[in-house]
Amino acid sequence: MTSPAASHLRVAGASIDASGWGWRHAGRRAWAVRDLDLRIEPGERVLLLGTSGAGKSTLVHALAGVLGAADEGEEQGRLLVNGTTPADARGQVGLLMQDPDSQVILARVGDDVAFGCENLGVPRDETWRRVRESLAMVGLDLPLGHPTSALSGGQKQRLALAGVLAMRPGLLLLDEPTANLDPAGVLEVRESVARVLEHTEATFVVIEHRVGVWQQLVNRVIVLDPAGGVLADGRPADVLSAEGERLSTSGVWVPGIRHQLPSRHRSASGRLLGTEELAIARSRELVVARDIEVEVLAGAALAITGPNGVGKSTLALTLAGLLKPAAGRVLADPRLAAGAGGEPIRWKSRQLLTRIGTVFQDPEHQFVAGTVRAELAVGPRALGLPEPVITARVDTLLQRLRIDHLAQANPFTLSGGEKRRLSVGTVLATQPGVLVLDEPTFGQDFRTWREIVALLAELIDEGTAVVAVSHDAEFVAALADREYRLAAGLDHRSGSLVTR
Amino acid sequence: MTQTATATPGNRGILRVNPVAKLAAALLLAGVLVLTIDWVSALVALACELVLFFWAGLSPRTFFLRTLPVWLAAPAAALTTLLYGQSAGAEYWQFGLIHITDGSIDLAVATLLRVLAIGLPSVVLFVTVDPTDLADGLGQVVRLPARFVLGGLAGLRLIGLLLEDWRALERARRARGIADRGVIRRLAGQAFALLVLSIRRGSKLATAMEARGFGAPIARSWARPSTFGAREVALIGLGLFVGALAVTVSVATGSWNFVLG
């Protein structure tokens, strides 16, 4: 029996060659990537940067050979991995993607890691040896029979990484592997990758807009130009000092670059929502927190914080009148209720529109129309507003959120940042007094982050009450007037108010 | 060593048998018992099965919990047959369409026994099937295409997410101000949204599988052996024996009643 993480993983790194390479997705007018000339030597560790829409994911998917056949897009130039086309290099290339949930393939931990080996025809004994080695490398100390459904987001990403490593790839590709994770999950995955890189000679390419996470683990930074080709390329320190400002403006989180936070008036004016011996539950029986005392004030922001799984989203949805309290009540003050009754959960769906608006963590859940324009009009139309008013509101929002060029696009086809802005816009269209947001800055690039913060600051100063669930310490620091911290466990008071 | 490394739900009695054999045995037994609607064959089969269950390796608690639906369904089916079944012989009670007669009593008893005789072994055989093991069996023993078997297995995992998505969609629609409309229109819209979400999830999963070499033009290996040996043959043999005995006794006593006859 060999010790885990042993010399077996000494697979030679793969080289990457692009010459005049480009890709245009079927049905799109613009090229996702074009005129790319690039050579990456075996064993190099590369951080791939660029504005959203610069084609980073397209390039990485192409290298992994999962972009699809000719009917899914048009290719120009040549892209080679170790001198062969990516389709022929399958198995030499491992890809870790963003969404933890869609990367778990099988029901048991061991089987999931073995899946790639099976597909490559690796003999049975060798497969299980690799499974154990890979799990040890990513630090996932679980029995092979452990159910994959019981894993946290960070664990799922490490599991997927182990599955990729078991294939012994010469090229390891990571496409925003931590964008959907909370801060603890980000650290977990980063540490796993660091350990893996100590033991492998594989070439490593990571896409990420939070530079700080990967800066210490790479020896080259390549910045893609949205207009085509490469914008900057070199040692991390050089590229970041030369291009830091420009990268920061285009949405990359560059450590050490200062940015202006919006100034706030900070003038709370009266209570809109309160609670009465509130207990919250995700499903009918599963109470996650009780004795919750929070007040939502007009013209102020309340942040709901706390570790994973303590019920932050549950509390937000309960305050928003979308989940029934397990016990006690959420009470709207007459000023907010405006004749609709005291408890938001009893309001009609239409009555919620002008009173409490909710922005969900996953924007795709709340899209109901076929175009961006129609999506923004859904709320105002449900209110029965006259057509000219609807048009005026929609036009204003399209411009304010910088999505006017997408008015006729299908909401599902937008980029992550555009989806987030649209989801905020759909709620603002009915001008609610309280705005509830669940992780509004999750996975967003720096540019969208700044826009959301600025927009919310403006709304709060105009008198809107904002309730935001967030893991994002910078976001909380920038906006919150008060912070309600939920703690795990039911044997003591579930939360405490932190005044900022 | 590698075999024990993969988790199996247990290793007693029926739990160790290859799912493909369980599937075959259950289908065989059901196939024979649906051919006739007499109570003799069902009673013979049920008697044999009840004896065999002792060796299945299920605790009584697990057995009754898992088979509870069958115990509830059987009397319900029997009662329906009793009230509305084909009339024959003496009539005991009549009310509207309800006729309780010698014939319907006969049929009701046969139905009760038959539902139990088909339902109980099916449940016992299937509650102990792990989907991953079944896929391994279908791929290695029956030699169905791996693409089809494993695609189905991976897709199965997404079903668990459907309920969560459905609830989220429900809340989102309330928040968007469109939950007051007619129930049918709302549910139709929501079902369509769920379909869209599922397809998107499915295509993401397909990409993840492809990125791990799924569908590569390489002969696939199987990490978990799926063997078909004496134990499996014995189980299928038992199914065959119970079916044959039930038919023989039924025909010998003259109660065989062919459904299509």
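Me: Which residues of H13(A) meet which residues of H14(A)?

Reply: Two residues are in contact if their C-beta atoms, placed from the backbone, lie within 7 Å. Helices are DSSP runs of H or I with at least four residues, numbered from the N terminus. In this predicted model, local features need pLDDT of at least 70, side-chain atom pairs count only at pLDDT 80 or more, and totals for chains, interfaces and linings use all residues. Residues are numbered from 1 along each chain as its sequence is written, and chains are lettered from A in the order in which they are written. Here Gly417(A), Arg420(A), Arg421(A) and Val424(A) of H13(A) meet Thr448(A), Glu451(A), Ile452(A) and Leu455(A) of H14(A).

Me: At what angle do the axes of H13(A) and H14(A) cross?

Reply: Axes are lines fitted to C-alpha atoms, for helices over the stretch in contact, and angles run from 0 to 180 degrees between N-to-C directions. The axes of H13(A) (residues 416–428) and H14(A) (residues 446–461) cross at roughly 15° and come within 10 Å. Angles under 35 degrees count as roughly parallel, so H13(A) is roughly parallel to H14(A).

Me: How many residues of chain B are in contact with chain A?

Reply: On chain B, 42 residues are in contact with 54 residues of chain A. Helices H1, H6, H7 and H8 of chain B each give two or more residues to that side. The largest share, 11 residues, comes from H8(B).

Me: Into which domains is chain B divided?

Reply: Domain bounds come from an automatic or database domain assignment. Chain B has domain 1 (2–134 + 226–252) and domain 2 (145–211). Their centres, taken over C-alpha atoms, are 35 Å apart.

Terms used:
Parallel < 35°, antiparallel > 145°, perpendicular 65-115°, else oblique.
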